[in-house]
Amino acid sequence: MSKTEVAVDYQQVREQIRAQSGSVASRKIRERIIEFGMFLCAVFSVAITVGIVWVLLYESWHFFANVSLVEFLTDTQWTVLFENPRYGIMPLVTGTLVTSVIALLVALPLGTTIAIYLSEYANATVREILKPILELLSAVPTVVFGYFALLFVTPLLQRVLTDLPGFNMLSAGIVIGIMIVPYVSSLSEDAMKAVPVHIREGSYAMGATRLQTALRVLMPAAFSGIASAYVLGFSRAVGETMVVAVAAGTQPNLTLNPMEGAATITAYIVQVSLGDLPHGSVAYQSIFAAGLTLMALTLVFNIGGYLLRKRFREIY
Amino acid sequence: MEKPSPSVIENSVACNKNWDKLFAVIGLLSTFIGMLTLAALLGDLAIDGLARIKPHFFTSFPSRFPAQAGILSSWVGTILVMIVTASTAVPIGIGAGVYLEEYAPKNWFTAIIEINIANLAGVPSIVYGLMALGLFVYQFRFGQSILSAGLTLALLILPIVIVATREAIRAVPASMREAAYALGATKWQTTSDHVLPYSMGGILTGVIIGLSRAIGETAPLITIGALTFIAFLPDPPIKAEFPFISFEWLWSPFSVMPIQMFNWVSRPQAEFHLNAAATGLVLMVMTLAMNAIAIYFRYRFRKRIKW
């Protein structure tokens with residue numbers, strides 16, 4: 001090929017580019033518009049938070065205009081739908097805490113053990129197979145877990161604990177616990193994986209076994225990440241709705257006994273939403289006050305977790 | 001200090017080694033507990049519900065008579081709600097992800113957006129429902145409609161889509177972008193012609209996982225007032241006469257499969273529990289299939305792309 005054949009008509013090329021993507025000025029404007037559009041998408045996520053906070057505060061504000069905060073926090077009965085309503089959130093809070101604590105008693109030991117096993121013991125093939133299957137647990141629709149708790153776990157428990165009622169917090173809590181195991185295990189595993197190799201090797205060089213290394217070196221070193229996993233697990237357990245609405249009953253009940261049935265904050269919101277409440281009534285506003293309590297509860301634990309992490313953070 | 005005798009040390013080492021071996025077994029058993037639960041769940045649903053899975057179960061409306069009841073209105077509702085959810089969450093989620101990864105300057109405002117997305121992922125789903133009830137249903141007057149439901153679930157899965165988009169985009173090496181810039185491509189041309197196509201696999205995985213979560217969500221839709229008994233179908237989106245397409249269905253009351261299941265499981269009659277199990281089985285098959293597709297995508301794209 002001679003050189004003359006590659007000669008390019010630059011004028012033509014320039015015109016082609018212009019035809020395809022417009023003049024430099026119009027291209028710049030288009031770039032700006034697209035960038036601004038995507039900026040709006042990102043800002044939209046902040047708008048969601050603003051919307052959540054605004055709706056919860058606005059409706060709760062109206063609620064607390066009718067109900068005193070002192071009654072809300074100290075009364076021991078929650079009978080909003082009765083003729084002489086009483087507005088004490090305590091029974092709902094204890095229901096939420098009991099189911100969540102049972103869930104954590106199941107999920108934390110199980111999740112941590114699985115995390116140690118997957119990060120320190122299992123080889124790559126086993127991990128690649130086990131992890132996705134385990135994560136399917138958190139993909140199962142929660143109402144299906146509710147069915148499972150009411151019609152499989154409760155009858156199973158009733159064989160051992162013969163006086164267990166059909167609706168009880170124990171089976172709901174156990175099922176929520178199994179449901180949140182993947183959250184706890186995969187985040188804890190990530191945290192342990194992130195500990196530098198030389199720290200692990202230092203421990204092995206001293207003659208420690210894998211278990212000793214995991215418990216005494218990796219867990220303290222990865223404390224920050226493991227604590228976030230635990231806090232996330234707790235948030236999930238507190239916010240879980242369908243399992244408790246199906247399996248723990250809808251009767252507010254001020255008790256710490258897991259063998260009884262009790263409504264949680266979330267179950268109450270579902271119960272009220274299923275009925276046809278007039279917009280603007282105190283009962284309608286009460287579900288927002290309940291939602292605000294739920295958010296406050298998770299916030300307290302998140303802040304607690306944050307402070308704990310800050311106190312014990314290890315930096316390499 | 002007294003030196004421990006060799007036999008004491010030997011004993012302690014042997015003991016620790018035994019614990020180490022024992023833990024390997026305990027760890028494996030723990031993972032099996034999770035899998036066993038999954039198997040028990042599926043088995044339980046199948047034993048109770050399989051007998052109900054017949055053609056008329058999918059073509060009948062709910063009914064007072066358990067044996068005749070079906071999930072027609074709820075599976076149609078699920079599909080319509082998912083259409084709204086996907087067409088809202090996917091563009092906004094990808095847009096936000098691309099902005100944060102490719103465009104956003106490093107300043108306090110970007111930091112706020114990032115912290116906010118991380119926190120949104122931890123908000124209980126029922127709180128999204130409360131927000132939608134106050135905002136969409138009453139403030140914007142969308143009513144207790146398919147539109148409100150679809151938007152609610154879109155907000156719920158938005159963080160999942162954004163995080164997946166960002167991770168996928170981050171995996172595209174800088175050399176790809178630099179090659180495009182070197183040829184005179186603008187930022188958007190680089191993004192839309194190179195970065196996005198390369199990261200499509202990861203984004204798609206995130207979208208499927210998000211949608212599979214939205215299909216199973218029950219609580220927020222109950223909060224915004226989904227009905228549990230619907231014996232009619234929404235206005236069809238395609239019409240015989242001009243203009244052929246109608247959006248009337250967006251304003252229709254609705255039910256979805258998880259809510260239908262919840263309704264049936266909370267009735268005292270055991271006959272209805274069988275219907276609930278059948279619905280649960282359909283739901284499980286759908287979510288498991290979607291997750292399997294997502295895992296396959298992740299696996300395939302990870303394998304195929306070698307930079």
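Colleagues, the centres of domain 1 of chain A and domain 2 of chain A, taken over C-alpha atoms, are separated by 39 Å. The domain bounds come from an automatic or database domain assignment. This is a predicted model, in which local features need pLDDT of at least 70 and side-chain atom pairs count only at pLDDT 80 or more, while totals for chains, interfaces and linings use all residues. Residues are numbered from 1 along each chain as its sequence is written, and chains are lettered from A and ligands numbered from 1 in the order in which they are written.

I begin with the domains. In chain A, domain 1 covers 3-66 and domain 2 covers 90-312. Between them, 6 residues of domain 1 of chain A are in contact with 8 residues of domain 2 of chain A; two residues are in contact if their C-beta atoms, placed from the backbone, lie within 7 Å. On the side of domain 1 of chain A that touches domain 2 of chain A, there are 2 nonpolar, 3 polar and 1 charged residues. For these classes, Ala, Val, Leu, Ile, Met, Phe, Trp, Tyr, Cys and Pro count as nonpolar, Asp, Glu, Lys and Arg as charged, and the others, Gly among them, as polar.

Chain B is assigned domain 1 (6-50) and domain 2 (55-304). There, 36 Å separate the two domain centres, taken over C-alpha atoms. In chain B, 6 residues of domain 1 are in contact with 7 residues of domain 2, and the domain 1 side of that contact has 4 nonpolar, 1 polar and 1 charged residues.

I turn to the contact between the chains. How many residues does each chain bring to the contact? Chain A brings 67 residues and chain B brings 70 residues. On the side of chain A that touches chain B, the largest share, 19 residues, comes from helix H2 (residues 24-66) of chain A. Helices here are DSSP runs (H or I, at least four residues), numbered from the N terminus. By class, this side of chain A has 46 nonpolar, 16 polar and 5 charged residues.

A residue is buried if 20 or more other C-beta atoms lie within 10 Å of its own, exposed if 12 or fewer, and partly exposed in between, with C-beta atoms placed from the backbone. Leaving aside residues up to four places away in sequence, B:Val161 touches B:Ala89, B:Val90, B:Gly93, B:Ile94, B:Gly206, B:Val207 and B:Gly210.

How do the helices cross? The axes of helix H3 (residues 72-103) of chain B and H6(B) come within 6 Å and cross at roughly 35°. Axes are lines fitted to C-alpha atoms, for helices over the stretch in contact, and angles run from 0 to 180 degrees between N-to-C directions. The crossing of H3(B) and H6(B) is right-handed, that is, the near helix is turned clockwise from the far one by less than a right angle. The residues of this contact of H3(B) with H6(B) comprise 21 nonpolar, 6 polar and 4 charged.

In chain A, helix H4 (residues 90-121) and helix H7 (residues 169-193) have axes that come within 5 Å and cross at roughly 40°. H4(A) also passes H7(A) in a right-handed crossing, with 22 nonpolar, 9 polar and 2 charged residues in their contact.

Finally, some local features of chain B. Helix H10 (residues 257-265) of chain B is mostly covered, with 9 of its 9 residues buried; among them are B:Met257, B:Phe262 and B:Trp264. B:Gln269 is in the loop between H10 and helix H11 (270-304) of chain B. Why does B:Gln269 count as exposed? B:Gln269 counts as exposed because it has 10 C-beta neighbours inside 10 Å. B:Gln269 and B:Pro66 are 203 residues apart in sequence, yet 9.1 Å apart in space, C-alpha to C-alpha.

B:Arg141 is in the loop between helix H5 (125-139) and H6 of chain B. This residue has a positive phi of about 60° although it is not a glycine, and B:Arg141 is exposed, with 8 other C-beta atoms within 10 Å.

Definitions and conventions
Helix = DSSP H or I, 4+ residues; strand = E, 2+ residues; numbered from the N terminus.
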